[in-house]
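Here is a short walk through a structure that you can follow on your own screen. Keep the sequence at hand as you read.

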Amino acid sequence: MTDYNFAYLDEQTKRMIRRAILKGVAVPGYQVPFASREMPMPYGWGTGGVQVTAACLTPEDRLKVIDQGADDTTNAVSIRKFFQRTAGVATTEATAEATLIQTRHRIPEQPLTQDQILVYQVPIPEPLRFLEPRETETRKMHELEEYGLMHVKLYEDIARHGHIATAYAYPVKVEGRYVMDPSPIPKFDNPKLSDSPALQLFGAGREQRIYAVPPYTHVVSLDFEDHPFEASKAPHDCDLCGASDSYLDEVITDDRGSRMYVCSDTDHCRSRRAAGFIGRLGTPFATEAAE
Amino acid sequence: MTLMQPVALDTPLLAVRGLTKRYGPRIGCADISFDLWPGEVLGIVGESGSGKSTLLSCLAGHLRPDEGEVIFATEDGPRDVLQMAEAERRRLARSDWAFVHQNPRDGLRMGVTAGGNVGERLMAVGARHYGDIRARATDWLGRVEIAVERIDDRPSAFSGGMQQRLQIARNLVTGPRLVFMDEPTGGLDVSVQARLLDLLRGLVREMGLSAIIVTHDLAVVRLLADRLMVMKSGRVVEQGLTDQVLDDPQHAYTQLLVSSVLQV
C-alpha cells in the first residue's frame with residue numbers, strides 16, 4: 001500500500017483525468033482527448049477504464065468489476081485485485097452494494113441508482129471509424145453534426161442481412177447531439193443507457209479519449225423508420241435461474257449439440273437463485289452451497 | 001426545361017468575380033470572372049497546369065482562394081460562398097451541389113455497396129426510411145444503366161465505366177442544381193466515354209442542371225458545353241459559345257489547341 005499512491009496514479013494525473021471527465025459530463029457524448037498513461041496491463045484489457053476508475057475512486061468506495069457480465073473472469077479478477085492492492089478499497093460482487101462499477105461489455109441487469117458510477121472500458125471510441133478512417137474528417141463530422149454516414153452502416157446491414165445485424169457497439173445519439181459508441185455492450189443494454197440515474201463514464205486508453213453520459217440523459221439508438229431499433233436477446237429463459245428478461249450467454253455443454261443458456265450477469269443470476277428461482281437445469285441454491 | 005428551375009432566371013446561378021489563387025509566388029488561377037446561368041453547361045479547357053482544376057476546386061470549396069467572390073443563388077437569395085460558415089458550405093455541397101471526380105475512387109466509398117453509395121447522400125440530408133432510400137437508389141442505378149441486381153455489389157467489383165456512372169448517380173440523387181465535373185471521362189476507353197457522354201448529356205438536359213466541366217478533351221466540351229472558357233497559365237484567354245470558340249478561335253493559344261486535336 002505504501003509503495004503506491006492511492007489508486008496507482010499520481011495526483012497530477014488524476015487531476016488531468018478528472019478535468020477530462022468534467023468536460024465530458026458537460027458535453028454529453030463528446031470525446032474528450034486526455035493524456036492516457038501507460039498502465040501495468042496491456043491495451044485492450046481496460047487501460048482506459050482503469051484510469052477513469054482510479055481518478056474517481058475514494059477510500060470509502062466499494063468497487064465492483066464486471067467482465068462480459070461476470071465477476072469471476074480474468075479481466076474482472078485482475079482489475080479488482082489491482083485496486084485492492086493499490087487503493088485498498090472494499091470490493092463486492094453485488095451490484096446494489098457497489099458505489100463504483102467498472103464494466104467491460106455489459107450493463108448490470110439490476111437498475112443503477114444515483115449513488116453509483118458506471119465506468120466502461122472502450123476499445124475504439126469513434127463510432128464512425130470503420131466507415132471514415134481519417135481522424136481529421138471524423139472530428140469535423142462530429143463538429144458539424146454530419147451523421148448521415150452512420151446510417152450508411154445500418155443501411156449496409158439491412159441490404160446484406162435483411163435486418164440491422166449490428167448486435168453490439170450499436171451507435172446511439174446522446175441528448176440529440178453527439179453520436180456515440182456505447183462500447184461493445186450488446187444492443188440489449190442500449191435502452192439502459194438512457195435516463196439512467198447513475199453517472200456513466202467511458203474510457204479508451206489506447207485511443208486516449210474519455211466521454212460521458214450524465215445521469216438522466218436522453219440516449220437514442222439510431223435506426224430507420226421502417227426498421228426500428230430492437231433490443232434483442234436469445235429467445236430462451238436462463239437455465240439456472242429461469243429469468244426471462246436478462247441477457248443470456250450460450251454455453252455449449254457437449255460435442256453433440258447440447259447447449260444451455262445462462263444469465264450473462266452472474267450477480268443477477270446468483271441473487272435470483274438465492275431467492276429461490278430455479279431454471280430448467282438448475283438445482284436449489286442452498287444444496288449447491290452445502291456441497 | 002429551364003422553366004422547372006426554382007430560382008429566378010434573371011439572376012445567374014453562380015457569379016464569379018476576380019477569383020485568384022496563388023501557390024506562394026506562383027499563380028494557380030488569376031482574376032477569373034464569369035456568370036453561370038441556370039441550365040447552362042460551362043466547359044473549361046486548357047492544357048495541364050493551366051489552372052483549370054485549381055479553379056474548379058476553388059469554386060467547389062475544396063481550396064480557399066486568396067481573392068474574389070463566388071456568389072451562388074441559394075434558396076434565400078444570392079450569397080457569397082466564401083463568406084459562409086463551413087457547416088453551411090458543406091450543407092450546400094451535399095444538397096445543391098455535386099462534384100464528380102476524375103477518379104471514381106475519390107468520389108465513392110469502395111467498401112460500401114452501390115446502393116449504400118447512392119443512399120449516403122440521401123441519408124446525409126436526412127432520409128431515414130430504408131425502403132424509400134432503397135427505391136431511389138434502385139431508380140438511379142437504372143437511370144445510369146447499371147443493372148439493378150448489382151445494387152448490393154461493392155464498387156470494387158465494377159468496371160471503370162460503371163464506377164464512373166455510379167459516382168454520377170450518387171451525386172445526382174439529391175437533385176443538385178450545380179454539378180462540378182473534373183475530367184469525368186478521363187481514364188475511360190473511347191466507347192465507354194461515348195456512352196458516358198451520352199448519358200451525361202441526357203441527364204443534364206432532362207434535369208435542367210447547370211454544370212461546370214473541366215477537361216482537356218475538346219470533344220467532350222463540343223458535345224456537352226453551351227459555353228467555353230479557354231485557360232492558359234492561370235488566366236482565361238478566350239471565352240464564348242462553344243461552337244463559336246472551336247470553329248473560329250481568336251486567341252493564338254486556342255488556335256493551337258484546336259489544331260492539335262488528332263483527326264482519325
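Predicted model: local features only at pLDDT ≥ 70, side-chain atom pairs only at ≥ 80, totals over all residues.

Chain A has eight helices and twelve strands, while chain B comes to ten helices and ten strands. The radius of gyration of chain B is 18 Å, close to the 18 Å that the globule rule gives for 264 residues, so chain B is as compact as a globular protein of that length. Chain A tells a similar story: a compact globule with 291 residues would have a radius of gyration near 19 Å, and the 20 Å of chain A agrees with that.

| Chain | Box along the principal axes | Buried residues |
|---|---|---|
| Chain A | roughly 60 × 60 × 35 Å | 53% of 291 residues |
| Chain B | roughly 55 × 50 × 40 Å | 54% of 264 residues |

**A covered strand in chain B**

E3(B) is mostly covered, with five of its five residues buried. In a regular strand, the side chains alternate between the two faces of the sheet. In E3(B), B:Val41, B:Gly43 and B:Val45 point one way, and B:Leu42 and B:Ile44 point the other way. All of these residues are buried.

Which strands pair with E3(B) in the parallel sense? One partner is strand E8 of chain B (residues 210-215), which runs parallel to E3(B) and is joined to it by five bridges. Within this pairing, B:Val45 stands opposite B:Thr215. Another is strand E9 of chain B (residues 227-232), which pairs with E3(B) in the parallel sense over four bridges. Here B:Leu42 has B:Arg227 as its bridge partner.

**A three-stranded sheet in chain A**

Strands of a sheet pair through backbone hydrogen bonds, either parallel or antiparallel. In chain A, three strands form an open sheet in the order E7-E6-E10, with antiparallel pairing. Strand E7 (178-180) and strand E10 (219-221) of chain A are the edge strands, each pairing on one side only. On average, neighbouring strands of this sheet are turned by 30° against each other, direction ignored.

Look also at how strand E6 of chain A (residues 172-174) meets E10(A): the two pair in the antiparallel sense over three bridges. A:Lys173 has A:Val220 in E10(A) as its bridge partner.

**The largest pocket**

How much space lies in the largest pocket? The volume is about 1200 Å³. Its lining has 37 residues, and those that lie nearest the centre are A:Glu137, B:His62, B:Arg90, B:Arg109 and B:Arg170. Both chains take part in the lining. From chain A, helix H4 (135-143) and helix H5 (148-161) each supply at least two residues. From chain B, the elements that do so are helix H2 (86-95), strand E6 (97-100), helix H3 (104-107), helix H4 (114-124) and helix H6 (160-172). The largest share, five residues, comes from H2(B). By class, the lining of the largest pocket has 15 nonpolar, seven polar and 15 charged residues.

**The second largest pocket**

The second largest pocket has a volume of about 370 Å³. It is lined by 16 residues, and the closest to its centre are A:Phe130, A:Lys153, A:Tyr168, A:Ala169 and A:Asp181. Its lining divides into twelve nonpolar, one polar and three charged residues.

**Two positive phi angles**

Most residues other than glycine have a negative phi. One residue to check against this is A:Ala169, which has a positive phi of about 50° although it is not a glycine. A:Ala169 lies in the loop between H5 and E6 of chain A, and is one of the residues closest to the centre of the second largest pocket.

The other residue to look at is B:Asp31, where phi is near 50°, again a positive value in a residue other than glycine. B:Asp31 has its place in strand E2 of chain B, residues 26-36. Is B:Asp31 buried or exposed? With a relative accessible area of 53%, B:Asp31 is exposed, because exposed means over 50%.

Technical notes. Residues numbered from 1 in each chain as written. Chains lettered and ligands numbered in written order. Heavy atoms only, no water. 1 Å grid on protein atoms, 1.4 Å probe; cavity = no way out; pocket = protein on both sides within 12 Å on 5 of 7 lines; lining within 4 Å. Points joined across faces, edges and corners; volume = space filled by probe spheres on them. Nonpolar A, V, L, I, M, F, W, Y, C, P; charged D, E, K, R; others polar. Pairing = 2+ DSSP bridges. Axes fitted to C-alpha atoms, helices over the stretch in contact; angles between N-to-C directions. Rg over C-alpha atoms; globule rule 2.2 N^0.38 Å. Buried < 20%, exposed > 50% of the residue type's maximum accessible area, 1.4 Å probe, protein only.
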